[in-house]
Amino acid sequence: MACSNVMKLNVASSSWISGHNSVNHRTGSTARFPTRRFSVIRAGSYTDELVKTAKSIASPGRGILAIDESNATCGKRLASIGLDNTETNRQAYRQLLLTTPGLGDYISGAILFEETLYQSTTDGKKFVDCLRDENIVPGIKVDKGLVPLPGSNNESWCQGLDGLASRSAEYYKQGARFAKWRTVVSIPCGPSALAVKEAAWGLARYAAISQDNGLVPIVEPEILLDGDHPIERTLEVAEQVWSEVFYYLAENNVTFEGILLKPSMVTPGAEHKEKASPDTIANYTLTMLRRRVPPAVPGIMFLSGGQSEVEATLNLNAMNQSPNPWHVSFSYARALQNTVLKTWQGRPENIEAAQKSLLVRAKANSLAQLGKYSAEGESEEAKKGMFVKGYTY
C-alpha cells in the first residue's frame, strides 16, 4: 500500500500483538513476546474504497455466492449430472447462476474463478456487468491451490503468492473488487505448529497484497470437518488458528476495516458419534469469534464446508438470534448450488426452474442472516449432507 503522511493506530492490532502466544521462529515452541509492540496501519490509496466495498458486501440480509471452483472441481459437479467438463458447459452453468433475476436482493458478492471473470454471456454481456446490474460485487479466487507442506504431519500449504500483486492489479482492472484465498487446517493431522503458522502467514501476506491493489481480502483458514473429534477440540483449534492469523495480519499492516473473514463454523468432526444442534454450534462458534475477532472487522461470511443446505442455513440463523459486533452472514458454494445443479441437469428448458431454486436458497440464507429463517417446507434434497473427506476446491 502506498506510503502516506496520514496514519492511524490500529488499536485492535496492537492489543492482539501484546498478548499473543506465537510460535518461535527458530524452535517452533510457544513463547510470549516480552514487550508491548504497536502496529501502525498506514492509510493507502485504496483504503476508503476497501472499507466501502467491505461494508457493501456485509449489508443486511445479504451474503456471498461462491462459484470459484477450479475447472477440475467444476468438472466433477458437471459430471454428477452427466455433462462433460468443457468451457462451454462451465460457461453455461455460470451464466445460469449469474443472470438469475433478483439475485441481488439476497446476494451482495460473488466469488469467481479466473476463467469466469473474463467470460461473457452468450449474448456478449460481461459477467461482471451482469453482477453490477444486480448491485453484486464481483470477487476473484487468487490462490493457486494446496500442495504438501514439507516437514509437517502430512499437511498442506496454499501456494500463489508469486506474481500475486500483478495478477491482483489485472483482476482489479477487469472489475473485481474483492479476493479470496483458501488454506486449510486438518485436526486429525495435528494440526502442527508449522502448518498453523504457514497458513496464518500466507493469509496475511495475501491480504496485504490484495489491499495494496484495491481488493478486499477474504481471509479463509478452513478448519476441515474431517475427523471424529468433539466440538470442544474444534473450538480449541479454531482459537489457536485465528489467534495466529490476526497476529500476522497486524504484523503485515493489514487494515481490519477492509477485510472479510470466511471461517468454518465450530462443529464436531464429521465422523463424531454425536451431532450438535444449531444452538450448540452457534454458541461455540460465537464464543470463538468473540475471543479472537476484533469488532473492527465488518463481516463474518461463513463457509458451509459440506453441511447440507438446510444445516448451513439453520446454523447461520441460530447465530443471528441476538446482535453481534460484526455482520454474520454466508459465503456458500455447495449449500447454495446443490439443488440448482440437480434441477438444471444441463437442459435449457430447466434454466428458469433452476434459477428459481437458487433464489429459494439465497432467500433462505438472507432470512437466516436476519435471524428470521424457518426450515418448514424445506425439501428432502436440501437436507442431504455434502461432506466429502479430504475435499479440494
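Which residues in H9 meet which residues in H10?

The mean pLDDT of the chain is 88, and 85% of its residues reach 70 or more. Residues 1–36, by contrast, have a pLDDT below 50, although this stretch has 77 contacts in the model beyond near neighbours in sequence. Where pLDDT is low, the predicted coordinates should not be read in detail.

The secondary structure of the chain consists of 13 helices and 14 strands. Of the 393 residues in the chain, 59% are buried.

The opening question concerns helix H9, which spans residues 231–251, and helix H10, which spans residues 278–292. On the side of H9, the residues in contact are Ile231, Glu232, Leu235, Ala238, Glu239, Trp242, Ser243 and Phe246, and they meet Thr280, Ile281, Tyr284, Met288, Arg291 and Arg292 in H10. By residue type, this contact of H9 with H10 comprises eight nonpolar, two polar and four charged residues. The axes of the two helices, H9 and H10, come within 9 Å and cross at roughly 25°. Because angles under 35 degrees count as roughly parallel, H9 is described as roughly parallel to H10. The crossing of H9 with H10 is right-handed.

Helix H10 also packs against helix H11, formed by residues 309–319; the axes of H10 and H11 come within 8 Å and cross at roughly 60°. H10 and H11 are therefore oblique to each other. Their crossing, that of H10 and H11, is right-handed. From H10, the contact draws on Pro278, Asp279, Ile281, Ala282, Thr285 and Leu286, while H11 supplies Leu314, Asn315, Ala318 and Met319. Seven nonpolar residues, two polar residues and one charged residue make up this contact of H10 with H11.

Leu224 lies in the loop between strand S11 (216–223) and H9. With a relative accessibility of 13%, Leu224 counts as buried, because the cut-off for that class is under 20%. Leaving aside residues up to four places away in sequence, Leu224 touches Arg182, Val184, Val185 and Ser186. Leu224 and Val185 are 39 residues apart in sequence, yet their C-alpha atoms are 6.2 Å apart in space.

Asn253 is located in the loop between H9 and strand S12 (260–261). Asn253 is partly exposed, with a relative accessible area of 31%. A separation of 9.7 Å lies between the C-alpha atoms of Asn253 and Arg205, which are 48 residues apart along the chain.

The buried residues of H12 are Arg334, Ala335, Leu336, Gln337, Asn338, Thr339, Val340, Leu341 and Trp344. Just after H12, Gln345 adopts a positive phi of about 60°.

Key: Residues are numbered from 1 along each chain as its sequence is written. This is a predicted model: local features need pLDDT of at least 70, side-chain atom pairs count only at pLDDT 80 or more; totals for chains, interfaces and linings use all residues. Side-chain values use heavy atoms; hydrogens and water are left out. Axes are lines fitted to C-alpha atoms, for helices over the stretch in contact, and angles run from 0 to 180 degrees between N-to-C directions. Helices (H or I, at least four residues) and strands (E, at least two) are DSSP runs, numbered from the N terminus. Angles under 35 degrees count as roughly parallel, over 145 as roughly antiparallel, 65 to 115 as roughly perpendicular and the rest as oblique. A crossing is left-handed if the near helix is turned anticlockwise from the far one by less than a right angle, and right-handed if clockwise. Contact means heavy atoms within 4.5 Å. Ala, Val, Leu, Ile, Met, Phe, Trp, Tyr, Cys and Pro count as nonpolar, Asp, Glu, Lys and Arg as charged, and the others, Gly among them, as polar. pLDDT is the predictor's confidence in each residue, from 0 to 100. Buried means under 20% relative accessible area, exposed over 50%, partly exposed in between (1.4 Å probe, protein chains only).
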